[in-house]
Amino acid sequence: MRFGWRKEGARRPWRLSAKLLIISSVATVIGFSAICANVMLDMRRGEEALARQMLENLASGVDSDINRNIELYDLSLRAAASNMILPEIKELSKPILHLILFDRAASARHFGALQVFDAAGELTIDASTLDPRKENRGDEEYFRVHRDNPDSGLFISKPMLHRSAYAIVLSRRITDQDGGFLGVVAGSIRFSYFHDLFGRLSLGPDDTITVLRQDRTIIMRRPFDLDIIGKNLADRASWNPANMNSGSYAGAGPVDPIPRLYVRHNGAGPLNVVVGKPLDSILSLWRTEAIRIAAIVAALIVFVLGVTLFLAREIGRRAEAEDKLEELATTDALTGLTNRRKFDASIDAEWRRATRQKIPVGLLMIDADHFKVYNDTFGHQAGDEALIGVAICISDSVRRAGDCAARYGGEEFAVLLPALSAEEALAVAETIRLKVEQWSDHTTVSIGVASLTPGVSQDWSELVGAADKALYAAKAGGRNRCVVATVPQLSLVA
């Protein structure tokens, strides 16, 4: 059984060292992980920026091609509408009329022939023939728009079946000099133009190109789906090309749930072009690299933490071993109290502190009465048990953290009581004496009590000498008693 006065404090420095090692390693791991995460995020942002630039270039090229052709076709519409209000136009023959109206008309295999409709919607002139068949377009959207709105300008219709082919109709109002409505000149751009344009591009299977009218009606989309063509996206507030932050938007599209990066070209034409590329496709290379880096970092983290835990365990073992060595070096093997060597170091430290702070130092010198006779009568084992019992009584009575109970030598014990006056030290001594007396019918103790406020020129040996003299006085006075030494006269008071 051991009764050390400091068991918890001995390991504290080593515990702090192990904790510091673990905290340092964890902080290093967190810092390294944060750096790697930041690098990977920068790589992701770089991939997204590169994809955004590529899509912007693609959207710009498509937008330029579409709007350039629309602009060329619109020039033909403007020329035909302007020539239709010439006074002498009615007296010209059909061949001459066609030559004047459509001489500068844009022609291509994807462009439909221009047609002129009168104010009632009847077809009067067709660039493809001198004898147009009877046809009325008064109910068409483009005709109504021009009839009801003098400032409509170029109008692009919704996708429709026009002259046996899917197309968009481009039209302009024919207005007389007084602003009256004379009719409409119209032409068409077939879907084959968009198919041919998109077919020349190098696109992934899930890449999209969407051509929208200003009211967000889908004019054309790649991949082509006739059920989607003509659909209006006005109810999709989150997918409005005009509101795309910095010209781009990342998320689900208006047709399918595939997350894409959508980019629109900020052009001035009548149509908007939005190009989309799946985020999985954009981030595939980054994801592969991120997984590789994450695996390496995870392996390094496991290695560092494993080494840290191993070293922390070794530090703990070393701390325990040093604690045991310190305990063996400073503890009395029989009683478990502090030994004489540690006691001398403790009283020296307390004496210095008391000198600085001008506070008293109390000391008890305790001796087991008639111990040699008891030891010779009952044997060494009984003698050892008697000393252990006295040590237990002392340990139970000395509870302050700064107190130091020690086996001073043989059957003699010492108790250091910092900051206690003689009266307070005497109370502790009486507690010890009574506990010993109650514990054993054969063993009692005599105690010398001393308390001294040290001066600069004094040494702690004076306190020990005073307590020793008080102990001798207690023995001379009949034993089983406490005697206080009066300092500095050293007169003894029982």
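Reply: Two strands are said to pair if DSSP finds at least two bridges between them. The strands are DSSP runs of E with at least two residues, the helices are runs of H or I with at least four, and both are numbered from the N terminus. The model is predicted, so local features need pLDDT of at least 70 and side-chain atom pairs count only at pLDDT 80 or more, while totals for chains, interfaces and linings use all residues. Residues are numbered from 1 along each chain as its sequence is written, and side-chain values use heavy atoms, with hydrogens and water left out.

Arg260 has Pro278 of strand 11 as its bridge partner. In general, strands of a sheet pair through backbone hydrogen bonds, either parallel or antiparallel.

Val211 is in contact (heavy atoms within 4.5 Å) with residues including Ile66, Phe194, Phe198, Ile218, Met220 and Val273, leaving aside neighbours within four places in sequence.

A nonpolar core is a set of buried Ala, Val, Leu, Ile, Met, Phe, Trp, Tyr and Cys residues joined through side-chain atoms within 4.5 Å. Buried means under 20% relative accessible area, exposed over 50%, and partly exposed in between, with a 1.4 Å probe and protein chains only. The largest such core has 55 residues, of which Ile66, Phe194 and Val211 touch the most other members. Helix 1 (residues 12-83) gives the most to this core, with 13 residues. Another core, of 27 residues, lies apart from it and has Leu364, Leu420, Ile432 and Val449 among its members.

Helix 9 (residues 380-397) and helix 10 (residues 422-439) pack at about 140°, with axes 9 Å apart. That angle makes helix 9 oblique to helix 10, because under 35 degrees counts as roughly parallel, over 145 as roughly antiparallel, 65 to 115 as roughly perpendicular and the rest as oblique. Among the residues that meet are Ala386, Gly389 and Val390 of helix 9 and Val428, Ile432 and Trp439 of helix 10.

The axes of helix 8 (residues 371-378) and helix 9 cross at roughly 135° and come within 6 Å. Helix 8 is therefore oblique to helix 9.

Elsewhere, strand 13 (residues 404-409) is largely enclosed by the rest of the structure, because five of its six residues are buried. Five bridges join strand 13 to strand 14 (residues 412-418), and the two run antiparallel. Gly409 stands opposite Glu412. Their hairpin has two residues between the strands, and there Gly410 takes a positive phi near 60°.

Key
Axes are lines fitted to C-alpha atoms, for helices over the stretch in contact, and angles run from 0 to 180 degrees between N-to-C directions.
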